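User: Here is a model I would like to go through with you. Please set each label against its definition as we go.

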Amino acid sequence: MLLKLFPLTLLSLLVASHEHHHEQSPHEQSPLVGKEINRDEYEWLTKYGKQVDQPFSGPLSFSHLPYAKCLESVTTKYDIAILGMPFDTGVTYRPGARFGPYAIRSGSRRQRDIRGYSLSWGNNPYSNGFKVLDCGDVPVSPFDNALAVDQMQVAYSTLLSRSRASGVPFPTNSLEPLALDGQEHPRIITLGGDHTIVLPILRSLHKVYGPISVIHFDAHLDTWPAYPGTSTDQSRVTHGTFFYLAREEGLMSNTSIHAGIRCKLGGIQDIENDENVGFQLVTADDIDDLGINEIIRRIRARIGDSPVYLSLDIDVIDPGLAPATGTPEAGGWTTRELKRILRGLAGLNFVGADIVEVAPAYDNAEITGIAAADLVHDFLSMILSDHPPKPFNTPLVHAKRDEL
Ligand SMILES: [Mn+2]
């Protein structure tokens with residue numbers, strides 16, 4: 001009997017030695033003792049133990065984060081949820097952004113919580129005590145836009161009303177609580193989807209925060225009253241009109257700002273309309289004429305201590321660096337320039353963010369998906385930092401660099 005048990009106990013010790021999370025002694029917790037087992041079943045564990053997935057292996061979630069169907073699991077908690085909205089039936093030109101959440105998650109495969117530190121931020125957003133979870137996708141209808149918009153709103157409101165996983169407060173520059181109920185709500189980073197998804201998101205956020213400001217990175221204004229030729233109420237709801245509709249519904253304050261604009265217009269009356277919707281303008285060319293720091297200063301001055309939502313259309317980046325999008329416009333910003341502007345926005349009162357219009361069918365070598373995933377990592381650092389990174393906050397690195 002002893003002889004028979006001994007190798008099993010040894011085996012269970014070996015197995016248990018790879019169970020990092022168990023604190024009991026292996027004898028107490030081993031399910032193997034006294035049972036008939038097939039040793040071949042444990043050959044991998046005894047030889048290699050538990051391994052983290054390679055960047056190119058394993059199931060697909062954002063940055064290999066834990067994945068949960070949060071909409072259906074009421075007890076699941078998080079501080080920041082990554083949520084896909086694979087909706088693309090509101091576009092005016094090339095469809096395909098329903099595959100955006102997939103492409104951004106796929107582009108994030110070389111990202112990982114334990115390698116999340118970046119020199120430019122001087123932090124790792126995964127090691128600040130906040131729980132970041134991939135909450136999966138909203139299963140939106142591809143056949144009925146009114147239904148899909150309602151599904152996205154109900155989903156967003158559901159996740160927004162969950163209690164936080166940690167008690168760690170989000171950074172704020174406001175003395176007052178941001179939410180009308182005085183509570184701290186989770187933040188949601190949404191992976192679009194075409195830009196129409198922002199209408200149901202703003203409806204949900206409005207219920208929690210009241211009217212909010214928007215920082216909108218895009219080549220386009222998205223403030224048309226209606227797409228030319230539309231005749232029904234439903235056909236007014238598009239990826240080029242949602243901000244006008246949101247303003248009509250009173251969801252936004254009049255202190256919002258676009259950045260990166262360079263699309264062609266019907267005329268200067270489009271800008272007058274845009275101002276009435278509540279937007280100021282930073283054009284694509286302003287990066288040369290004003291510079292990055294002045295653009296940051298203008299955005300911060302415009303937003304102040306308002307609750308603010310950040311919406312980033314990937315087409316703000318030049319199509320040479322992010323080709324996979326529905327309505328590309330020549331002459332955009334570089335990914336590096338955009339990342340530097342995002343770093344300058346840390347410390348504003350972000351209540352949510354999205355990245356939209358990634359349509360991977362038009363991508364080459366995953367350029368766009370990888371860029372989008374990198375920007376989502378910046379969103380995490382931006383939301384969780386209480387001020388922009390200081391240029392010399394890493395003296396050792398700078399000393400080493402300046403030796404060269
Ligand atoms: Mn756009």
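**Labels and their cut-offs**

Analyst: Let's start inside: the buried residues of H4 pack against S1, S2, strand S3 (187-192), strand S8 (349-356) and helix H12 (367-384). This is a predicted model, in which local features need pLDDT of at least 70 and side-chain atom pairs count only at pLDDT 80 or more, while totals for chains, interfaces and linings use all residues. Residues are numbered from 1 along each chain as its sequence is written, and side-chain values use heavy atoms, with hydrogens and water left out.

User: What makes a stretch a helix or a strand here, and how many of each are there?

Analyst: They are DSSP runs numbered from the N terminus, H or I of at least four residues for helices and E of at least two for strands. The protein chain has 13 helices and 8 strands.

User: Why is helix H4 described as largely enclosed?

Analyst: Buried means under 20% relative accessible area, exposed over 50%, and partly exposed in between (1.4 Å probe, protein chains only). In H4 (residues 100-107), 7 of the 8 residues are buried, so the rest of the structure largely encloses this helix. Among them are Pro-101, Ile-104 and Arg-105. Across the chain, 52% of the 404 residues are buried.

User: How do you know which residues Gln-153 touches?

Analyst: A contact is a pair of heavy atoms within 4.5 Å. Not counting residues up to four places away in sequence, Gln-153 touches Pro-200, Arg-203, Ser-204 and Lys-207. Gln-153 sits in helix H5 (residues 145-160), and its relative accessible area of 18% is why it is called buried.

User: And why is Tyr-209 called buried?

Analyst: Its relative accessible area is 5%, so Tyr-209 falls under the buried limit. This residue of helix H6 (residues 198-209) is in contact with Leu-178, Ala-179, Leu-180, His-185, Arg-187 and Val-351, leaving aside neighbours within four places in sequence.

User: What makes Cys-70 and Cys-135 a disulfide?

Analyst: The rule asks for a pair of cysteine sulfur atoms within 2.5 Å, and the S to S distance of Cys-70 and Cys-135 is 2.1 Å, so the pair qualifies. Cys-70 is in the loop between H3 and S1 and Cys-135 in strand S2 (residues 132-137), so the bond ties together parts that are 65 residues apart in sequence. The angle about the S-S bond is -75°, a left-handed link. The whole structure has 1 disulfide. Both ends count as buried, with relative accessibility of 0% for Cys-70 and 2% for Cys-135.
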